[in-house]
Amino acid sequence: MIRINKNFSNLKENYIFAEVNKKVRKFKESNKNAELIDLGIGDVVLPIVMPIVKVLEDSVKSISKKKTMHGYGPYEGYKWLRDVISKDYKNRTNFSDLSLKRGLSISIDPDEIFIGPGTKEDMGGILELFDNNQEVLIPDPVYPAYCDTSTIEGFKINFVNAIESENFLATPKKIKPNSSIIYICSPNNPTGAAYTREKLKLWVDFALNSGSVILFDGAYEAFVSEENIVRSIYEIPGSRRCAIEFRSFSKMAGFTGLRCSYVVIPRELKLNETHLIDLWKRRISFKTNGVSYLSQRAAESVYQEDTQLELEKNINYYKENFKTISKSLDSINLKYFGGKNSPYVWVKCSYNKSSWEFFDYLLEKLNIVVIPGCGFGENGEGYFRISCFVEHEKVNQVAEKIKSIF
């Protein structure tokens, strides 16, 4: 008899976002006239900016003609896109504030960059390079996809506490130096916590001393505002020998529908004399036919100055939402974290309510949807996540509702 992958039975019964949707649907059935404001799912609400739209239009025209038609592209991505990403690493890594433009001179060769369909897909696929007879270290609370992917692949998961007293930044201080695969997301989803160079260096040193590999999720790098916050793990000395970086155009440029991302695997990163970059090349050569020409042309245009000026406006739009949310939370003395360097606000429940109890309270009393913190791990209990990806007018409504009910 054919057997299914038994690891699926080890997954939690419900993915947190699916469970939230189920509760919201049930509420709507009983409250048909209720107008809900969704501060839950972190999808962008602003349209793709016009400079990118123009590039997309031109690209569609080009593939409609025989002479300029593009079919399958190189599985690692078109060189012209990898070239501009490499140049961006060298010249400026703080996309979210054009006024800074501080070149950190991070040297990433275009051949070390691989274009992919999304960070979630890339970070799941990277586990195929490793023997699953070893452990994965995952901070708690955490984006649940890391856990689910590791579980399906059969890895043993050890959670590292990321708690309020430590500003929700996990550290390796109490961890035995065993070889591990380490997930780090900074700025973090869901807590919004972001690593300074000093804090991230602890993980890099740990990885170098223990023979571990760090999977660094930098999907929200564009929202970093503070000077001392890391934008790329390659700012840390020695990281090229122990870290793989993942970046996405989804939140930076509104590509949640277009789908485009990239992975950086330095040549120095090797295990038992095997270079991981060679394994990834071999894997994607049979796993994918590459990201669409249209998406890659759109991604290339992200690095043009006129596009960046427009994208800066979009990012500031979401940051304004944080300011509005934070003022309303301050007014009722609800404790919160994140927001300054990320599009997420991590709020502590009051009145001794659990995450789901507070979710139900906000849904029923204010018609507001958030994400219960318990869905991100045991240390998420007693908190909930608010997304800043919402229209201004809705955020203003939320602010007024919060003040009135509390």
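The legends below describe close-up views of a predicted model. Local features need pLDDT of at least 70 and side-chain atom pairs count only at pLDDT 80 or more, while totals for chains, interfaces and linings use all residues. Residues are numbered from 1 along each chain as its sequence is written, and side-chain values use heavy atoms, with hydrogens and water left out.

**View 1. The seven-stranded sheet is open, with mixed pairing.** The strand order is β2-β8-β7-β6-β5-β3-β4. At the edges stand β2 (113-116) and β4, each of which pairs on one side only. Neighbouring strands are turned by 20° against each other on average, direction ignored. Helix α3 (residues 79-91) packs on this sheet and touches β2, β7 (243-248) and β8 (261-264); the direction of α3 makes about 120° with that of β2. Helices (H or I, at least four residues) and strands (E, at least two) are DSSP runs, numbered from the N terminus. Two strands pair if DSSP finds at least two bridges between them. Contact means heavy atoms within 4.5 Å. Axes are lines fitted to C-alpha atoms, for helices over the stretch in contact, and angles run from 0 to 180 degrees between N-to-C directions.

**View 2. Strand β3 (residues 135-140) is mostly covered.** Six of its six residues are buried, where buried means under 20% relative accessible area, exposed over 50%, and partly exposed in between (1.4 Å probe, protein chains only). Glu135, Leu137 and Pro139 point one way from the strand, and Val136, Ile138 and Asp140 point the other way. Six bridges pair β3 with β4 (residues 156-161) in the parallel sense, and three bridges join β3 to β5 (residues 180-185), also parallel. Glutamate 135 stands opposite lysine 156 in β4 and has serine 180 as its bridge partner in β5.

**View 3. Helix α5 (residues 144-152) belongs to a right-handed β-α-β unit with β3 and β4.** A crossover is right-handed if, with the strands pointing away from the viewer, the path from the first strand over the helix to the second runs clockwise. The buried residues of α5 include Pro144, Ala145, Tyr146, Cys147, Ser150 and Thr151. Their cover includes α1 (16-30), α4 (119-125), β3, β4, β5 and β6 (213-217). Glycine 154 follows α5 and has a positive phi, near 90°.

**View 4. Four strands form an open antiparallel sheet.** The order is β11-β12-β15-β14. Because β11 (336-338) and β14 (371-372) each have a single partner strand, one side of each is left without a neighbour in the sheet. Helix α10 (residues 305-331) packs on the sheet, touching β11, β12 and β15; its direction makes about 160° with that of β11. Strands β12 (residues 344-348) and β15 (residues 383-387) run antiparallel and are joined by five bridges. Tryptophan 346 has arginine 385 in β15 as its bridge partner.

View 5. Cysteine 147 counts as buried, at 13% relative accessibility. Cysteine 374 is buried, with a relative accessible area of 18%.
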